[in-house]
Amino acid sequence: MMKQEFEALAGYEVSLDDYNNIIEPMYMATNLDKAEFVKVIDKKRFALKSRTQLKNEMKKLAEQLEITCTHFTDYESKERLDKIREEYTSRFYGQNYSSMVEEEMTQSCFYPTKVVFFNRNSGRTVETIVF
């Protein structure tokens, strides 16, 4: 079974590493048909987060950073926001695209207000997520 077949039957995306190193070898070791095999795979373990889930996580982290910015810098949340932004860019746009966090200053601290996704070659914005 191909990765695309698995995802179509399962109704969710999985990472290439998980598919190649775990799911496909497991499938090959069973006598189950494709549909039955997909039913026994743990969705919670393998399903990648959806576009909406990633957006919601970024928004939640941005809110956290705005709330805490006057008291301290939450480096963990900043790093997590950057990782989610990079994952989102890579999965939904590809290598010719990039993204950046725009920030606003208030009471001597900076907090994220939006993420802008753009084509590196043309500079054209393809999506903006406002927090």
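This is a predicted model: local features need pLDDT of at least 70, side-chain atom pairs count only at pLDDT 80 or more; totals for chains, interfaces and linings use all residues.
## Aromatic contacts and their structural setting

Ring pairs join Y88, F92, Y93, Y97 and F117 into a cluster.

### Aromatic pairs

Across the whole structure, a search finds 8 aromatic pairs. The rings of Y27 and F37 make one of them; their planes stand at 65° and their centres are 5.2 Å apart, so this pair is edge-to-face, an arrangement that requires an angle over 60 degrees. The pair links distant parts of the chain, with Y27 in helix α2 (residues 16-28) and F37 in helix α3 (residues 34-40), 10 residues apart. Both Y27 and F37 are buried.

A further aromatic pair, formed by Y88 and F117, is tilted, with 4.9 Å from centre to centre and 40° between the planes. Because Y88 belongs to helix α6 (residues 75-92) and F117 to strand β2, this pair ties together parts that lie 29 residues apart in sequence. Y88 has 0% relative accessibility and therefore counts as buried. F117 likewise counts as buried, because its relative accessibility is 0%.

The geometry of the two pairs is set out below.

| Pair | Centre to centre | Angle between planes | Arrangement |
|---|---|---|---|
| Y27 and F37 | 5.2 Å | 65° | edge-to-face |
| Y88 and F117 | 4.9 Å | 40° | tilted |

### Helix α2

Helix α2, which holds Y27, bends by about 30° at I22, and a proline, P25, follows within four residues. The buried residues of α2 are D18, Y19, I23, E24 and Y27. These buried residues pack against α1 (3-10), α3 and α4 (43-46). One of the packing partners, α3, is also the helix that carries F37, the ring partner of Y27.

Strand β2, the location of F117, spans residues 109-119 and pairs with strand β3 (residues 125-130) in the antiparallel sense over 5 bridges. Within this pairing, K114 has V130 in β3 as its bridge partner. The two strands form a hairpin in which 5 residues lie between β2 and β3. In the turn, G123 has a positive phi of about 80°.

Taken together, the Y88 and F117 pair ties helix α6 to strand β2, and β2 in turn pairs with β3.

How values were computed
Residues are numbered from 1 along each chain as its sequence is written. Side-chain values use heavy atoms; hydrogens and water are left out. Two strands pair if DSSP finds at least two bridges between them. Rings of Phe, Tyr and Trp (its six-membered ring) pair if their centres lie within 6.5 Å; planes under 30 degrees apart count as stacked, over 60 as edge-to-face and the rest as tilted. Buried means under 20% relative accessible area, exposed over 50%, partly exposed in between (1.4 Å probe, protein chains only). The bend at a residue is the angle between axes fitted to the seven residues ending there and the seven starting there. Contact means heavy atoms within 4.5 Å.
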